[in-house]
Each structure stands twice: as structure tokens, then as C-alpha cells.
Amino acid sequence: MTRTTNITAILADNRLDKDRSVWADALERVTAAQVEQALAQAPGRYSVARMVTLLSPAAKAYLEPMAQQARKLTIQRFGRTIQLYAPLYVSNVCVNSCRYCGYNRQTDVNRTRLTREQALADAEVIAAEGFRHLLLVSGEDSAYVTVDYLSTLAHELRRMFASIAIEIQPLQKDDYAALFAAGIDGVALYQETYDRDVYADYHVAGPKRDYDNRLETPDRYAAAGMRRIGLGVLLGLADWRLDTLAMAEHAAYLMKTYWRSQIDFSFPRIRPATNVIHEWPYVVSDEHLVQMMLALRLCFADTGIVLSTRELPAFRDRMMNICVTRVSAGSKTNPGGYASDTTAAEQFTVADERPPAEVAAAIARCGHEPVWKDWDAGFIGV
Amino acid sequence: MNDMLKIADREFHSRLLVGTGKFASNAAMDAAMDASGAEIVTVALRRVDIENENDNMLAAIDRARYLLLPNTSGARDAAEAVRLARLARAASGIHWVKLEVTPDPYYLLPDGEETLKAAQTLVQDGFVVLPYMNADPILARKLQDVGCATVMPLASPIGSNQGLKMRASIEIIIEQATVPVVVDAGLGAPSHAAEAMEMGADAVLVNTAIATAENPVKMAIAFKLAVEAGRMSYQAGLAAQSTHASASSPLTGFLRNEQK
Amino acid sequence: MALLKINGIDKTYASGAMPATLADLLTQMNIDAATVVAEIDGAIVPRQAFADTRLADGMTLELVRFVPGG
């Protein structure tokens with residue numbers, strides 16, 4: 001028997017990638033009684049219907065009970081801990097022209113590619129701050145950020161870090177397998193938006209125009225054995241409720257198919273960047289973002305919920321007390337930004353500029369333990 | 001209502017599978033099967049008794065009405081199960097098999113490791129495999145990954161009539177499965193079957209509780225109705241239990257100051 | 001003398017008295033061939049081949065059939 005289901009077909013069959021008005025209508029029709037019924041069920045189980053209910057405008061009046069449940073469930077599944085990680089940008093060269101991004105190849109900014117030595121210098125600063133979880137980030141720079149570059153770098157980094165993830169261009173399954181063998185155990189790759197038309201509108205040139213290739217990339221790295229699957233939508237491009245529904249279906253599909261891997265949701269709200277447009281048709285308010293995070297938690301008990309330094313300190317501190325399980329801290333979003341006073345362009349402007357130790361103190365203040373390292377890939381012989 | 005049970009490439013109206021063992025007579029078995037509404041019935045394979053007269057149970061089963069599902073009961077390891085499955089296919093022409101590997105003669109608990117091995121071989125050999133298994137969610141996913149058409153976790157030890165002792169694990173299996181979940185073994189009363197269906201099981205398999213009832217036909221009807229009721233309840237969505245209202249907003253109060 | 005091991009039981013035949021084919025054996029034992037599946041020395045014999053399957057001294061036969069079961 002062959003399994004014919006794939007994510008492209010699932011989204012198309014459910015009209016989550018195009019002509020999504022049927023879902024917009026369903027969201028509008030949800031009643032307060034339905035929300036109350038959903039909240040009376042045991043939290044942590046996913047169904048499309050439950051997701052629609054919790055994301056609906058009607059559920060907006062129930063954020064407090066949702067937050068109470070989400071907090072309880074998160075503590076039950078993750079304990080009173082929050083994991084810290086730091087991003088290391090190795091290149092801001094990019095072949096794409098995404099209209100929202102500071103790395104857009106059409107913008108005139110200071111481009112930098114870190115040599116292995118420069119990357120290690122940044123990594124040493126990060127390690128000295130206490131981090132043991134690292135995220136390697138780059139623009140879509142496949143000419144420079146190759147499997148070979150990353151493998152060699154990972155080999156060195158493994159001395160300093162327990163877990164290394166990447167957020168780079170999509171690769172092939174064999175490439176991911178090689179990176180996994182080199183000690184990289186997680187991949188984050190955001191679809192940005194699941195709406196095909198909106199996607200085409202923002203991704204005007206470069207390989208990233210290929211919606212399907214991007215959508216099917218998590219299949220490739222999960223099949224290659226990656227333990228952490230990072231999903232996300234760039235909040236501001238399209239209706240957040242509809243994109244959250246599509247992302248939830250994507251997550252449910254991946255969880256069932258690649259059940260050895262863990263899903264993380266990220267919530268990047270569009271931040272200002274140099275030389276890119278500043279007016280967004282679908283601005284996501286704090287309240288909306290909270291509802292999105294709560295709805296996902298109440299449908300997925302065991303997924304990681306990640307909040308980066310794109311968010312302000314006050315908001316991050318509140319959410320760490322509700323359902324967040326991983327945060328970045330002290331982030332520099334420009335290559336070389338940790339070890340030098342570089343003028344290289346940032347991908348976005350950081351909103352939480354507190355040093356890592358202050359973020360750790362904030363975690364402790366909300367009754368959680370800041371965890372710099374919670375597992376070691378070396379333990380299982382990778 | 002179009003709510004069919006789909007296993008491999010076949011669809012069934014009934015979500016109750018029945019076993020044919022332990023009935024007092026072929027006539028009692030036939031009457032109970034008829035009353036149960038079942039479309040899938042399990043049979044076993046045994047050596048012909050060469051010293052005595054054998055009766056032919058196949059003659060008692062209407063093959064046009066029921067899908068005969070041979071099991072591999074008696075197999076103690078993967079090799080025996082594969083051999084039995086192939087014999088069953090040769091005997092019946094049916095390439096469906098309920099895979100059972102039970103080395104323990106007392107509780108007849110299934111051996112997960114051998115079951116997985118046998119499943120792999122049989123799927124490659126073209127069988128539609130329905131494996132009987134302990135309520136182990138990881139094993140369920142491995143069986144699903146090698147191409148099994150269903151998973152069949154036991155509710156409690158076979159023949160024990162104890163009901164859904166494995167409830168917590170079966171809930172996880174149902175939540176994660178991409179193939180139908182058929183709860184098998186240990187369902188001693190129609191209420192147990194209803195409970196399994198209410199949880200979201202796709203079907204149940206019942207034998208002892210029907211075959212050994214005082215009135216097997218009545219019990220078969222009771223199970224049929226219980227399975228339908230449980231299914232309907234699952235689809236309807238169980239009503240709310242209780243909501244704990246919270247007056248204050250300690251977690252989300254900060255949002256009120258925000259400009260919408 | 002000739003010997004067949006059938007379902008774990010040794011059956012001995014005076015010389016010339018052993019059934020020539022599998023079909024003959026089943027007839028002699030009063031077993032309806034349509035309900036039986038046979039294995040000779042570990043290999044399944046298709047039912048259509050029963051009449052053409054010649055028996056020989058020392059063969060091991062398994063004759064199985066469906067019985068009630070759960």
C-alpha cells in the first residue's frame with residue numbers, strides 16, 4: 001500500500017491554499033456556545049473544526065480561559081522550563097527578492113558572508129553567554145552556504161553546542177541527511193503564507209517563488225531524520241486566521257507522517273527592515289497573536305512554541321508565562337554581529353534588546369527555569 | 001448517511017467485526033452473525049483431524065455476504081504467522097489476514113516484535129494486513145509505516161471481558177493513526193463497545209461476548225446497536241462536561257490596554 | 001513398506017497400497033478436497049494440482065482447513 005496523501009493535495013482538497021473564503025465564512029459563523037463547548041473538551045487535541053472554533057472572532061472573548069488552559073497544559077507537558085537559543089547569521093547574501101525582507105537582493109545594503117573563522121568567532125561569543133542551542137541562519141545563498149560549508153562548520157560547533165538547527169534555503173533530502181550526519185538536528189523553514197496568490201505577490205523573483213517546493217521541503221528534511229521541524233507564517237502578509245488553519249493542517253500531517261520528529265511553531269510578525277515596504281495589509285495585533293498562539297497550543301499539546309526577539313520584552317515576558325517554550329535572546333540579525341562592530345545589514349530590527357542574562361532573569365521571574373541545554377545529540381551517538 | 005468504514009480498498013457499512021469461535025453450533029454462529037449485521041467475520045486455520053470426521057465450517061458461511069478474514073491464531077513467531085497466512089490465502093483465495101502472533105499460551109498476548117516482522121513480510125507479499133497488537137502507540141505507528149491496513153489494539157486480555165482497560169493508550173493510538181483503528185479483544189459488554197466507538201475507534205471486533213452469551217442472537221443485536229450508538233455519539237461530539245469560569249484576567253489583562 | 005507423515009502422524013502403507021496422488025489420499029481419508037489446503041514438505045500445493053501431485057515415500061504432509069476462530 002502506498003500512502004497517496006501529501007501536503008499539497010491536503011491543502012488543495014481543503015481549499016486552504018487558494019479561494020479560502022469558505023473558511024473565512026466558517027470562522028465568522030462560530031458562536032460563543034461553540035467556543036464554550038470546545039473549551040470544555042480536554043485540551044491538546046487537534047481537529048480542523050476545533051481549530052476553526054478557537055481561531056474564530058467569537059473566541060476573542062475567551063482569551064483568558066484559553067490562556068488558563070494553555071498555561072496549565074504547557075506546564076504539564078513541558079514543566080516549568082523555557083529553553084533559550086541564539087541565532088547565528090552566517091550570510092546576508094540572497095538570490096531572492098521577497099518584498100518584505102531586508103536581505104532582498106534588490107536592496108542596496110552591506111552584504112557579508114562569514115568565513116568559517118568569523119562564524120566560529122561569533123559562535124564563541126554566543127557560547128560564552130551560556131547558550132547551548134544554536135540556530136544557523138542565512139539568506140538564500142546556495143553558492144556560499146553549501147552542505148560542505150555547513151557540515152564543516154557544524155563539526156566545529158558541536159564542541160560548543162548541544163543542538164544545532166538551520167534556517168536556510170530549501171535543500172534536497174540527501175543534503176539534509178548529510179547535515180544530520182554532521183550534527184545538525186533541526187530545520188526551520190517557514191512557508192511565510194499558505195495562500196498561493198499572496199505568496200506569488202510577495203516572492204517576486206528567485207527560487208523562493210516556487211511555492212510547492214517550499215511546501216514540500218519539511219517532508220524532505222523530516223524524512224532525512226531531522227528531529228525538529230520549525231513551521232511558521234510571516235504575520236502581516238495574509239489573513240492570520242486562514243494561514244494558521246493551513247499551518248495547523250500542515251503540522252498535523254507532518255506529525256502523523258514523521259512521528260519521530262517534533263514540531264515547533266514560530267510567530268514572526270513582520271518587523272521593519274532597511275529599504276523594504278512598510279505598509280502591511282494584514283497587521284497582526286498583540287491580541288490576535290495571543291489568540292493564534294493559544295489556539296495552536298490548545299490543539300497541539302506537545303509542539304514547541306517559539307517567540308523570538310522580534311517581539312518586545314513586555315509581550316515576551318507575558319507569553320513566557322502562558323505557553324511559550326523556547327525563546328531567543330541577545331540576537332544579532334547581521335552576520336558577524338556578535339564578535340565585531342560590523343555594519344552588515346540586519347534581516348530585521350530586534351525588538352527585545354536585553355542581554356541573554358536579563359532574559360534568563362525574566363524567565364525566572366515568571367516562575368520558570370531558563371534552560372540553556374536540555375538534551376545533547378552526542379548522547380545518542382550522532 | 002455516508003459513513004463507511006474504509007479498510008484498504010474496500011468499504012463497509014458495519015463497524016462491528018465478529019469472530020466465529022466458541023459458538024455452540026454452526027447454526028448458532030450463523031444466526032448471531034446474521035443478527036450482528038457484521039460484514040467481516042474472522043476464521044482460524046487448523047490441521048485437519050485425520051483420525052476423526054471433520055465438519056466443514058466454510059459451508060456454513062455465506063461467502064457472498066461476509067468477507068472472510070482468516071487469522072493466524074496459533075502462530076508463535078513471525079515465520080509461523082507468515083506460513084499460516086499463506087496457507088489461508090491458498091485455502092480461501094483471500095489475501096486479507098488478521099495477523100496474530102501469540103507466543104504466550106495463557107493470556108494470548110501478542111508479540112509486538114514478531115508481529116511487526118511478519119507484517120512487513122506479508123505486506124510485501126501482497127497481503128492486506130490487519131495486525132492484532134498490544135495497545136502500544138509506537139508499535140501502532142511502526143505497523144502503519146510498514147503498510148498495515150489497520151491497527152487492532154486489544155482493549156484488555158482476550159476473552160477476559162474486562163472492557164477498555166487500555167483506554168489511555170488506545171486514545172493516543174486513535175489520535176495518531178492514519179489507518180483505521182479496530183479495537184479488538186476484551187470487549188465484554190455492548191457498553192464497552194460503545195465506549196470504544198465514542199472515543200473515536202473506527203470499528204470493534206467481538207467474539208467471546210457474543211458467542212458465550214445466554215442468547216447470542218440478542219447479544220449480537222445489542223453489540224450492533226452499541227457500535228452504532230457509540231459511532232453516532234462520536235460524530236455528534238460529546239457535550240460539555242463542566243466549565244470553570246474565571247472571574248479575573250490575570251494572564252491576558254495586559255491586552256486591554258492595547259489599541260485594537 | 002512406505003511412510004507418509006500426515007499432520008504429525010506417521011502413516012505406513014504396505015508396498016503398493018499407498019495412494020498414488022494427493023487427491024487419492026483425500027478420497028481414501030474421506031476428506032472433501034474443496035475444504036482443504038495442503039502443504040507437502042513445506043510447499044503449498046494449489047488445489048487444482050491435487051490430482052496431479054504424486055506422493056512418494058517419506059513425504060511430510062500438512063492438511064489444514066478453516067475452523068471457527070476470533
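In strand β3 of chain A, the bridge partner of L135(A) is A165(A). The two residues belong to a pairing between β2(A) and strand β3 (residues 163-167) of chain A, which runs in the parallel sense over five bridges. This is a predicted model, so local features are described where pLDDT is at least 70.

On its other pairing, β2(A) is joined to strand β1 (residues 81-91) of chain A, also in the parallel sense and over five bridges. Here A86(A) stands opposite L134(A) of β2(A).

Each of these pairings is part of a unit with a helix. β1(A), helix α6 (residues 116-128) of chain A and β2(A) make a right-handed β-α-β unit. A right-handed β-α-β unit is also made by β2(A), helix α7 (residues 147-157) of chain A and β3(A).

How many of the six residues of strand β2 (residues 133-138) of chain A are buried? Six of the six are, so the strand is largely enclosed by the rest of the structure. A residue counts as buried here if 20 or more other C-beta atoms lie within 10 Å of its own. The side chains of the strand can be sorted by direction: H133(A), L135(A) and V137(A) point one way, while L134(A), L136(A) and S138(A) point the other way. Both sets are buried.

**Where the chains meet**

Two pairs of chains touch, and the most contacts are between chains B and C. Chain A and chain C are joined by no contact, and their closest C-alpha atoms lie 25 Å apart.

Between chains A and B, 21 residues of chain A are in contact with 19 residues of chain B. On the side of chain A that touches chain B, the elements giving two or more residues are α3 (32-40), α5 (63-78) and α12 (286-299) of chain A. Of these, α5(A) gives the most, with six residues.

Between chains B and C, 26 residues of chain B are in contact with 21 residues of chain C. On the side of chain B that touches chain C, β4 (40-47) and α2 (78-92) of chain B are the elements that give two or more residues. The most comes from β4(B), with six residues.

β4(B) and strand β5 (residues 60-68) of chain C pair in the antiparallel sense over five bridges. Within this pairing, A44(B) stands opposite V67(C) of β5(C).

**Chain B on its own**

Chain B contains eight helices and 10 strands. Its C-alpha atoms fill a box of roughly 90 × 40 × 35 Å, taken along the principal axes. Chain B has 260 residues, and 46% of them count as buried. Among the contacts in chain B with a separation of 6 or more, 61% are between residues 24 or more positions apart.

The axes of helix α3 (residues 112-124) of chain B and helix α4 (residues 137-145) of chain B come within 9 Å and cross at roughly 10°. Are these helices roughly parallel or roughly antiparallel to each other? Angles under 35 degrees count as roughly parallel, and α3(B) and α4(B) are therefore roughly parallel to each other. From α3(B), the residues making the contact are G112(B), L116(B) and A119(B); from α4(B), they are L139(B), K142(B) and L143(B). By class, the residues of this contact are four nonpolar, one polar and one charged.

M166(B) is found in the loop between β8 (152-153) and α5 (167-176) of chain B. Is M166(B) buried or exposed? M166(B) has 21 other C-beta atoms within 10 Å, so it is buried. Not counting residues up to four places away in sequence, M166(B) touches A135(B), P153(B), L154(B), A155(B) and S156(B). N2(B) is 164 residues from M166(B) in sequence, and the two are 30 Å apart in space, C-alpha to C-alpha.

Key
Residues are numbered from 1 along each chain as its sequence is written. Chains are lettered from A and ligands numbered from 1 in the order in which they are written. This is a predicted model: local features need pLDDT of at least 70, side-chain atom pairs count only at pLDDT 80 or more; totals for chains, interfaces and linings use all residues. A residue is buried if 20 or more other C-beta atoms lie within 10 Å of its own, exposed if 12 or fewer, and partly exposed in between; C-beta atoms are placed from the backbone. Helices (H or I, at least four residues) and strands (E, at least two) are DSSP runs, numbered from the N terminus. Two strands pair if DSSP finds at least two bridges between them. A crossover is right-handed if, with the strands pointing away from the viewer, the path from the first strand over the helix to the second runs clockwise. Two residues are in contact if their C-beta atoms, placed from the backbone, lie within 7 Å. Axes are lines fitted to C-alpha atoms, for helices over the stretch in contact, and angles run from 0 to 180 degrees between N-to-C directions. Angles under 35 degrees count as roughly parallel, over 145 as roughly antiparallel, 65 to 115 as roughly perpendicular and the rest as oblique. Ala, Val, Leu, Ile, Met, Phe, Trp, Tyr, Cys and Pro count as nonpolar, Asp, Glu, Lys and Arg as charged, and the others, Gly among them, as polar.
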